[in-house]
Amino acid sequence: MRFFAKNNPYKGKRILIYGLGRSGLSAKAFLSSCGAKVQTFVDGEKNKKINFEKLSMAVVSPGVSLDCQLVCQLKRAGVPILAELELGYLNVNGNYIAITGTNGKTTTVSLVYKILEGQNTFLAGNIGIPLTSLAGKTDSRSIIVCEVSSYQLETCKQFRPKISAILNLAPDHLTRHKTYQNYCNSKAKIFQNQTEKDYCVLNYDEEEVLALSERCAAKKYYFSKFNQLSNPNFKGAYLCGEEIYFKENFYNVYIMNKAQIKLVGEKNLENVLAAITIASLCGLSGEKISSKVSNFFPLPNRLEFVLKKGNITCINDSKATNIASALSDISATSGNIVVLLGGSDKGEDFKRLFSNLNESVKHAIIYGASSEKMVSSAGEVGFKNFSVAKNLKEAVSQGIKFSREFDGEINLLLSPACASFDEFKNFEHRGQYFKKLVVEELK
């Protein structure tokens, strides 16, 4: 660990941990092991005294808004505020590959890790493995594949990955970031400290991603779903017909055929292309990359097949927590669809959702805390093929009833376009509950 080389900057220091989720508990364990005087705080605690003048630092969990009362008090007192991500980066040796984006982060991070596994490689970050939990387990040759969110990046000042990647950008978390531009600015912090000695991988097909990257000083590589064979400005992975190539210095190296990919949909194709670019920058051969990609299967809660009974195929896409993700995954689902939409509102405009649902959607069932806003938006754009349920359980029952009465094969798809916090702890909890419900209803 970096600081052990000379001294321990945390020993005896009074440090506040705000939030005791996975990252907060990991930061607490790490700092306590360093001899820090750790004080914790969680929302809802009353009459807990905090002496701001004696605090050397505060580690604020990603779920805590930087506009909340306690964080504002910390700022006024001049207390340095760190994310657990940055605390980990400062104390966990290794070469960082950091991946962000609105959609596809976990799939891409998991795929990159799968391709690189066996080479002193570690997985960490927003995927559910706090970076500080790796303290003492890595060395200067380690590769750390790290999923990073806009929340984690907000307070980062020194975080500098060797390879950064922005997969895509779409409005998300606007209740937290207030504006789309603020959200994009948070994402851009992934490359703010990179230099010409580092690499940044970008979605060549998204103008907003390319515009954001104008601030980036790192060497830029790309990925694209379109043929870039004759593009002199393109370096990276691209699709030509049904074949994927990696291009650099006018050399085009064949990687694999698109048909070998087990993941479905345009979004997942982009994830694969991004992973291929990153793996190629790490020096892996096309043959090694192809072998790993072709044996990688969809992750839970991401267009996950649950069961087929009669004419009904049930698909769990609980991770589709925003409009862009839901629309992409609905388009990727072949055949007729009954889609379950709803949950807690993230500040998006649902008119964009209902005006872009394709003809394969035979019926939508709107449920949960955002249902009133969704119904209003559907009415404004003239979308009429929907019914309303009070919660996910009722939505599943309605969906199965409609599907049983449908003349032909049909997919019952949970792709909510909303967060899960009105009924559930997280999207994983929602996905598990959905799977339990359909198994019980169709047994």
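These notes cover a sheet, a helix packed on it and a pocket in a predicted model.

1. Ground rules. In this predicted model, local features need pLDDT of at least 70 and side-chain atom pairs pLDDT 80 or more, while totals for chains, interfaces and linings use all residues. Residues are numbered from 1 along each chain as its sequence is written, and side-chain values use heavy atoms, without hydrogens or water.

2. The sheet. Nine strands make an open, mixed sheet, in the order E6-E7-E5-E8-E9-E10-E11-E12-E13. Strands (E, at least two residues) and helices (H or I, at least four) are DSSP runs numbered from the N terminus. Two strands pair if DSSP finds at least two bridges between them. Strand E6 (121-125) and strand E13 (251-257) are the edges, each pairing on one side only. From one strand to the next, the twist averages 20°.

3. E8 (residues 163-166) and E9 (residues 199-203) run parallel, joined by four bridges. Serine 164 sits opposite cysteine 200 of E9.

4. A helix on the sheet. Helix H4 (residues 105-116) lies across E5 (95-100), E6 and E7 (143-147). Contact means heavy atoms within 4.5 Å. H4 runs at about 165° to E7. Axes are lines fitted to C-alpha atoms, for helices over the stretch in contact, and angles run from 0 to 180 degrees between N-to-C directions.

5. The second largest pocket. Its space is about 240 Å³, the volume filled by probe spheres set on grid points joined across faces, edges and corners. A pocket is an open set of points on a 1 Å grid over the protein atoms alone, where a 1.4 Å probe fits, with protein on both sides within 12 Å along at least five of seven lines; lining residues have an atom within 4 Å of a point. Of the 15 lining residues, Asn168, Glu206, Glu270, Ala324 and Ser328 lie nearest the centre. Helices H9 (266-281) and H11 (323-332) each supply at least two.
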